[in-house]
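Subject: Structure handover and findings

Hello,

The structure you asked for is below, followed by notes on what was found in it. Please read the notes with the model open.

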Amino acid sequence: MIPRIAVFASGSGSNFQAILDAISSGSLVATVCALVASKPGIGAIVKAEKANIPVFIGDTQKAIDLTEPDLIVLAGYLKQVPIEIIAPFEGRIVNIHPALLPKYGGHGMYGRHVHEAVLKAGETESGCTVHQVTEKYDEGPILAQSKVPVLPTDTPESLAARVLEQEHILYPSTIQQLLHGR
């Protein structure tokens, strides 16, 4: 039986698209059974509709009840996942964060804020982290990381672009390993 994934998103959906592309190429053996969008009008919804994936706006519990996913994948989801979802899915909710956790994680550390903090601290490397989701932001067990150098000429935008490129590689491969034990 092919594992079922529910993807939660809040933005353009580039990681969502990377997951769809990996499924299409066969490098990720799964099916996306739902997109849970935090709000209407986001780019991820357009991608889901194009792929004929059911969209649920804001109603995480309804999406879970109706689609019965095996794994919940956060792809730029900027809301706290309710404990009512986390508890029954313990160990089966993953997120990708645009920094090398445990540094630069937690409430308010997303998008540009993360890359600004990395540059301000003078770090020589950054990257992305796939981790399990728990009740506390970005504190779940780390499953995988990918590193990129921080260049002297970097801006938050240039660093973000390199990190995002790694996210699109790391996330689908980590999901595949998690679902299929490889």
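At what angle do the axes of α1 and helix α2 (residues 43–50) cross, and within what distance do they come? They cross at roughly 20 degrees and come within 9 Å. Axes here are lines fitted to C-alpha atoms, for helices over the stretch in contact, and angles run from 0 to 180 degrees between N-to-C directions. Helices (H or I, at least four residues) and strands (E, at least two) are DSSP runs, numbered from the N terminus.

Before the rest, the ground rules: this is a predicted model, in which local features need pLDDT of at least 70, side-chain atom pairs count only at pLDDT 80 or more, and totals for chains, interfaces and linings use all residues. Residues are numbered from 1 along each chain as its sequence is written, and side-chain values use heavy atoms, with hydrogens and water left out.

Helix packing

Two packed helices are described by the angle between their axes and the distance between the axes. On that basis α1 and α2 are roughly parallel to each other; angles under 35 degrees count as roughly parallel, over 145 as roughly antiparallel, 65 to 115 as roughly perpendicular and the rest as oblique. Phe 16, Gln 17 and Leu 20 of α1 meet Ala 44, Lys 47 and Ala 48 of α2, where contact means heavy atoms within 4.5 Å. The residues of this contact of α1 with α2 divide into 4 nonpolar, 1 polar and 1 charged. For these classes, Ala, Val, Leu, Ile, Met, Phe, Trp, Tyr, Cys and Pro are nonpolar, Asp, Glu, Lys and Arg are charged, and the others, Gly among them, are polar.

Helix α1 (residues 14–25) also packs against helix α6 (residues 156–180), at an angle of about 50 degrees and with the axes 9 Å apart. α1 and α6 are therefore oblique to each other. On the α1 side the contact is made by Ser 14, Asn 15, Ala 18, Ile 19 and Ala 22, and on the α6 side by Leu 164, Glu 167, His 168, Tyr 171, Pro 172 and Ile 175. By class, the contact of α1 with α6 has 7 nonpolar, 3 polar and 1 charged residues.

Salt bridges

The whole structure has 5 salt bridges, each a side-chain nitrogen of Lys or Arg within 4 Å of a carboxyl oxygen of Asp or Glu. One of them pairs Lys 103 with Glu 123 at 3.0 Å, N to O. Lys 103 lies in the loop between β5 (93–97) and α5 (112–120) and Glu 123 in the loop between α5 and β6 (125–132), so this pair ties together parts that are 20 residues apart in sequence. Lys 103 is partly exposed, at 45% relative accessibility; buried means under 20% relative accessible area, exposed over 50%, and partly exposed in between (1.4 Å probe, protein chains only).

A salt bridge also joins Arg 112 and Glu 116, at 2.5 Å, N to O. Both lie in helix α5, 4 residues apart, about one turn of the helix. Arg 112 is partly exposed at 44%, and Glu 116 is partly exposed at 32%.

The side chains of Asp 154 and Arg 162 form another, at 2.5 Å, N to O. Asp 154 is buried, with a relative accessible area of 11%, whereas Arg 162 is partly exposed at 22%. Salt bridges that share partners join Arg 112, Glu 116 and Glu 157 into one network.

Buried positions

Ile 86 lies in helix α4 (residues 83–86) and is buried, at 6% relative accessibility. Leaving out residues up to four places away in sequence, Ile 86 touches Val 81, Ile 93, Val 133, Thr 134 and Glu 135. Thr 174, in helix α6, is buried with a relative accessible area of 6%.

Backbone

A cis peptide bond joins Leu 101 and Pro 102, with omega about 15 degrees. Pro 102 lies in the loop between β5 and α5. Glu 68, although not a glycine, has a positive phi of about 45 degrees; Glu 68 is in the loop between α3 (60–67) and β4 (71–75) and is exposed at 61%.

Regards
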